[in-house]
Amino acid sequence: MDKPSIAVHKFSSCDGCQLAFLNAGEDLLKLAGLVDIRHFLEAGVADEYARVDIAFVEGSVSTTDELTRIQRVRGCSRYLVTLGACATAGGLQALRNLDGSNTAWKHAVYAQPGFIHTLDQAEPVSAHVKVDFELWGCPVNGRQVLAAVQQLLFGVAPLEQRDKVCMECKRQHATCVMVTEGRPCLGPVTRTGCGALCPRFGRDCYACFGPAENPNTAALSRRLEGLGLAPADVARRFLFINSHAPAFNEAGRQHYRQGFSDD
Amino acid sequence: MTERSVSIHVPAMTRVEGEGSLRLRIEHGEIRELALDIFEPPRYFEKFLEGRRYHEVLDTVARICGICPVAYQMSAAQAVEDAFGLEPGPWVRDMRRVFYCGEWLQSHALHVHLLAAPDFLGFDSVVGMAARHPEVVRRGLRLQGLGNALIRLLGGRSVHPVGASVGGFFRAPVEAEVGDMLEQLHAALPDAHDLVLWAAALKLPQDEQAFTSVALRHDTDYPFAQGRIVSDDGLNIAIAQYGDHFVEEHRPHSTALFSLLHGAPYLVGPLARLNLNRDHLPAASLTLLLQTGVVFPSSNMFHSLLARTLEIHVAIVEAIRLLENYRRPTAAQVAVTPRAGIGYGATEAPRGLLWHRYELDDRGIVRAARIVPPTSQNQARIEADLRRSLLQYGLNRPDDKLRLRAETVIRNYDPCISCATHFLKIGVTRR
């Protein structure tokens, strides 16, 4: 039997989620023995539209060229898996969607904006093509990615972690930073996967893994206001790494005024 | 000269961080057009930083680059603290240097083994190389892993770490964690030592050329996160004066901005740092450098690889020095009081000088941000180098040889295109 094949594609992103593979050490060499890596530019393999069993996509769709590429990637992949916050929910760059700032920002940053072919919206992959499985996180963690590869190779749907960071915090015996220090922690509405890293480091979760299942954002917003956060600050909490994820977008916009103004 | 007309399209440049392409047009044996097309999509960080609070800046700028997030966080912390008139003290300064050592170690080991070495040993990728040179690859992966562990010690995770803050760190490691790390660092010294000698013995192209090196320079130490900006043609300025000497321009074929020093290309990164700071190397690293017999300052661009491996050694030696008498402080950060002002930050990212400027209001909200990453500073230099390297190599060589040489020259700069906002399709057109 042929070895299963994988591809790793990069769209609008920081390259950090691909590092789940490149930082895997011995496991990277093991993986290369188990699967046929057909396309992974940073690792030195280029065959963008080769037919593969699993295509991992890092990055959001934010240019006219990427619109075409994502259709072609979908067309040559059996499973398409999004790798991280940008591909899954638009990422940090989706902040330009809030006020439709693409044109203004392009003109502010570039002397020759005519050469910059960005789309008005930076969007998740699922806004354009069917996605088979989503891996959340900014960045995804290596264990999560290698486990998903193994499960897909065995032909089973990967187990999705939708638990809240709070649950993980308890499992880790971490002290609650909201209860003990009044920090505006987003753990109650955020999906786990990080290992409750921020609370364990004594800081409030900033929701880099996106919304958990059934997030009660309304109750958390009231709590944040109770902690003394101004509306613009509540908006800043929800509208950050995963501002385009529907649950956070909706919660953040309740308190948002253009440019996070609080005048 | 040959009149043949050839056109090649290679999909995208491999083993670089980010995406771009090279356009090369050769007519009648002369280069008519040579441009690095960077098509990494702009993400507008400088714009969406506006309106964010100072304590969100580090988590934001980390996302510019997954390979050097620590560099972005350290330049930003320094700039915000500069604006607030805040001095976080010696413990924080030392631990930031340790944090930074982790990133140099991780990023340099990744570049040397996964991105650059296959060029010099004749492989397409590290996977092919691992079959023939398993011990070299394993040593590289061990060093890379150690770098990641060192970042995790202070940052919790190695990509987009969560441990750093304006004013210091959220958490100080406990003595036992530092003790474990010290053991690993000591155990890695022989690997780093052997790696430098291995790099010095590689058959690298001889490629002497004139260029201006730019790097930070500190009074006594090899530069990480402190110092003045100096060059080998006499520049010596405070970081706030950067804008008086360096200009960024936007060219049509790129989403990155090109930086020039007094109107001319210049080099940042490991070779520039070593050329300007050889006398500040830790004693053990200097001894090792002398053992290689390679003389620095060097004008062979390919000595960048050797400089990178030596900096792996420096990072381990420095981390050991700074952690050896570690005492856990009662507080890992100093209190922060926002005030209106402008602040500057400049640190040595693995790929070179990374300069930030922020304007903050009295509530600590960012009103303007400017970020100049290393790769946009090296871009004009890369194009100038490519032109003369290809001419010296001979334009009549077959297209695939020309392409490999061009890619090798470019990769040698370890361009991080995600940072530069932006790598490599090559199209050679010949007439």
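Some conventions first. Residues are numbered from 1 along each chain as its sequence is written, and chains are lettered from A and ligands numbered from 1 in the order in which they are written. Because the model is predicted, local features need pLDDT of at least 70 and side-chain atom pairs count only at pLDDT 80 or more, while totals for chains, interfaces and linings use all residues.

**Confidence**

The model scores ipTM 0.97 and pTM 0.95. For pLDDT, the predictor's confidence in each residue from 0 to 100, chain B averages 90, and 90% of its residues score at least 70. Two stretches of chain B deserve a careful eye. Over residues 1-11 of chain B the pLDDT is below 50, and beyond near neighbours in sequence this stretch has 25 contacts in the model. A contact here means that the C-beta atoms of two residues, placed from the backbone, lie within 7 Å. Residues 420-426 of chain B also have a pLDDT below 50, with 49 contacts beyond near neighbours in sequence. Where pLDDT is low, the predicted coordinates should not be read in detail.

**The two chains**

Chain A holds 12 helices and 7 strands, and chain B has 13 helices and 14 strands. These elements are DSSP runs numbered from the N terminus: helices are H or I with at least four residues, strands are E with at least two.

| Chain | C-alpha extent along the principal axes | Buried residues |
|---|---|---|
| Chain A | roughly 60 × 50 × 25 Å | 55% of 263 residues |
| Chain B | about 75 × 45 × 40 Å | 57% of 431 residues |

Buried means that 20 or more other C-beta atoms lie within 10 Å of a residue's own; 12 or fewer makes it exposed, and partly exposed lies in between, with C-beta atoms placed from the backbone. The globule rule, for a radius taken over C-alpha atoms, is 2.2 Å times the number of residues to the power 0.38. Chain B has a radius of gyration of 21 Å, close to the 22 Å from the rule for 431 residues, so chain B is as compact as a globular protein of that length. In chain A, 71% of the contacts with a separation of 6 or more link residues 24 or more positions apart.

**A strand in chain A**

Strand β1(A) covers residues 5-10, and 5 of its 6 residues are buried, so this strand is largely enclosed by the rest of the structure. It runs parallel to β2(A), residues 36-40, with 4 bridges joining the two; Ser5(A) stands opposite Asp36(A) there. A parallel pairing with β3(A), residues 52-58, has 5 bridges, and Val57(A) is the partner of His9(A). Strands pair if DSSP finds at least two bridges between them.

**Where the chains meet**

Between the chains, 48 residues of chain A are in contact with 50 residues of chain B. On the chain A side, α1 (19-22), α2 (26-34), β4 (61-63), α5 (102-109) and α9 (197-200) each supply at least two residues. By class, that side has 26 nonpolar, 13 polar and 9 charged residues. Ala, Val, Leu, Ile, Met, Phe, Trp, Tyr, Cys and Pro count as nonpolar, Asp, Glu, Lys and Arg as charged, and the others, Gly among them, as polar.

**Domains within each chain**

Domain bounds come from an automatic or database domain assignment. Chain A is given domain 1 (5-153) and domain 2 (165-257), with their C-alpha centres 25 Å apart. Here 16 residues of domain 1 of chain A are in contact with 12 residues of domain 2 of chain A. Helix α4(A), residues 85-89, gives the largest share of the domain 1 side, 3 residues. That side has 9 nonpolar, 6 polar and 1 charged residues.

In chain B, the assignment gives domain 1 (7-42 + 378-430) and domain 2 (66-211 + 281-372). Their C-alpha centres lie 28 Å apart, and 14 residues of domain 1 of chain B are in contact with 16 residues of domain 2 of chain B. On the domain 1 side, α12 (374-393) and α13 (399-411) of chain B give two or more residues each, with α12(B) supplying the largest share, 5 residues. By class, this side has 3 nonpolar, 4 polar and 7 charged residues.
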